[in-house]
Amino acid sequence: MTDESETDDLREIPASAPSLPPSLAATLAGREWHRNLVGEAGAIVHRVQRDGAPDLYLKHGDGAAAAAIVDEFSRLRWLTGRWPVPAIAHFEATGGTAWLLTQAVPGRTAYEWLEQAPDRAPAIVASIGRCLRRLHALPVETCPFNANHRLQLDLARQRLEAGLIDADDFDDARQGWTPEQVWAALGDLLPLPEDPVVSHGDFSLDNLLMSADGEVVGVIDLGRVGVADRYRDLAILANCLDEFGPSLSGIFFEAYGIATPDARKLEFHLLLDECF
């Protein structure tokens, strides 16, 4: 048995197969199962492995998690051919449960590369900046999903009123804050003009898969994709980079094409992200 303290630094643990719908049971029979521990956000994620076959990832859940998986499937399907995203192997949503099976993208996460190859950090971060610039260059009029900050603020207020904002999960800069304080700080930054782009919505280091030569080969966790201000993605990634040194965010912004980041927008989108 794995001690709980030992799982803190693990990204996955061995697992048994869940109860599967018939459409998936035969496809996934005889494979080894590993429970993913990174960024599940309500859904359950497994890596499914068999010798001589490509790895697969299965994301499943019910209730709100099922709705999020349906959102991710529709966005993944739209992004296919437009941006480096995993190939869909199977999807179904029945009886209040959703199942999304995708092909694994070869490579390691950007977080793992920065952790294991710190000497390569500038090149890794520059590659991430270029990858995000490609997403933000997609024509917004072609994207059917809306994620502007007015809509996000409405959702944040609903979560606040329902008591769903987890203050224990706030970033270090806001440890000790209440959800009400975050909401008030958001209001103090309004009004805020938007510069709409096709946005990922959770553009973090763990959601970027990179090859050994330092290129982004796949982006995952796509359920929040939609047209929003470009700083929605810029803020999250820059905040992630702070863990690895103060100079990396500057390299990221330069590769993306911004000389002087908008501090007000960065703060707004970090506060907004605390609500989800």
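How many salt bridges does the rule find across the interface of domain 1 and domain 2? Let's work up to that one step by step, keeping in mind that this is a predicted model.

1. Start with the layout. The chain splits into domain 1, covering 12-103, and domain 2, covering 108-274. Taken over C-alpha atoms, the centres of the two domains are 24 Å apart. Where they touch, domain 1 contributes 15 residues and domain 2 contributes 22 residues.

2. Next, look at the area. The size of an interface is often given as the accessible area lost when the parts come together. Here, about 1500 Å² is buried between domain 1 and domain 2, and carbon and sulfur atoms give 70% of that.

3. Now for the opening question. The rule finds 1 salt bridge across the interface of domain 1 and domain 2. In the model, the side chains of Lys59 and Asp221 form a salt bridge, with an N to O distance of 2.9 Å.

4. Finally, see what domain 1 brings to the contact. Helix α2, made of residues 64-79, gives the most to the side that touches domain 2, with 7 residues. Sorted by class, that side of domain 1 has 8 nonpolar, 2 polar and 5 charged residues.

Conventions:
Residues numbered from 1 in each chain as written. Predicted model: local features only at pLDDT ≥ 70, side-chain atom pairs only at ≥ 80, totals over all residues. Heavy atoms only, no water. Domains from an automatic or database assignment. Contact = heavy atoms within 4.5 Å. Buried area = accessible area lost by both parts, 1.4 Å probe. Salt bridge = Lys/Arg side-chain N within 4 Å of Asp/Glu carboxyl O. Helix = DSSP H or I, 4+ residues; strand = E, 2+ residues; numbered from the N terminus. Nonpolar A, V, L, I, M, F, W, Y, C, P; charged D, E, K, R; others polar.
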